[in-house]
Amino acid sequence: MSLTARRLKPLLDRVLVEKIVAPTRTAAGILLPVTTTKLNSGVVIATGTGAWTQDGGLTPVSVKEGDKVLLPEFGGTQIVLGDKEFSLYHNDDLLGIHEE
């Protein structure tokens, strides 16, 4: 993770995600088609504190740094920090957590 990404703290219920890049070749050197290299998952880099409810309570973010998450096909805000691309999502937009 780049130093610039560590200094970015998302606000409220937003989550900063670095998308996982799928391999374009197999171990044997065979090129994979674009449709098989498309992954909708990423690693959580940073999270906000959570969203405020109408009664003044705080609903915390449901993921933590380092979690592997399933992302929606569309959405999020694309951000370039240094030489890497990141995406900023609302906590509710994330589809799930990869358990290992």
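Val44 is in contact with Val15, Leu16, Val63, Lys64, Glu65, Gly66, Asp67 and Val69, leaving aside its neighbours within four places in sequence. This is a predicted model.

Val44 also belongs to the largest nonpolar core. That core has nine residues in all: Val15, Val17, Val44, Val61, Val63, Val69, Leu71, Tyr89 and Leu94. A second, separate core has seven residues, including Leu16, Leu81, Phe86 and Leu88.

Leu11, Leu12, Trp52 and Leu58 make a nonpolar surface patch of about 450 Å². Where does Leu12 lie? Leu12 sits in the loop between α1 (3-7) and β1 (14-19). Leu12 counts as partly exposed because its relative accessible area is 41%, between the 20% and 50% limits.

Not counting residues up to four places away in sequence, Leu12 touches Gly48, Thr49, Gly50, Ala51, Trp52 and Val61. Leu12 and Thr49 are 37 residues apart in sequence, yet 5.4 Å apart in space, C-alpha to C-alpha.

How confident is the prediction? The table gives mean pLDDT values.

| Part | Mean pLDDT |
|---|---|
| Chain | 83 |
| α1 (lowest) | 62 |
| β5, residues 68-70 (highest) | 93 |

In the chain, 81% of residues reach a pLDDT of 70 or more. Where pLDDT is low, the predicted coordinates should not be read in detail.

Notes
Residues are numbered from 1 along each chain as its sequence is written. This is a predicted model: local features need pLDDT of at least 70, side-chain atom pairs count only at pLDDT 80 or more; totals for chains, interfaces and linings use all residues. Side-chain values use heavy atoms; hydrogens and water are left out. Patches are made of residues with over 30% relative accessible area and no salt bridge: like charges are joined within 9 Å, nonpolar side chains (Val, Leu, Ile, Met, Phe, Trp, Tyr) within 5 Å. Accessible areas come from the Shrake-Rupley method with a 1.4 Å probe; for residues, only the protein chains shown count as cover. A salt bridge is a side-chain nitrogen of Lys or Arg within 4 Å of a carboxyl oxygen of Asp or Glu. Helices (H or I, at least four residues) and strands (E, at least two) are DSSP runs, numbered from the N terminus. Buried means under 20% relative accessible area, exposed over 50%, partly exposed in between (1.4 Å probe, protein chains only). Contact means heavy atoms within 4.5 Å. pLDDT is the predictor's confidence in each residue, from 0 to 100. A nonpolar core is a set of buried Ala, Val, Leu, Ile, Met, Phe, Trp, Tyr and Cys residues joined through side-chain atoms within 4.5 Å.
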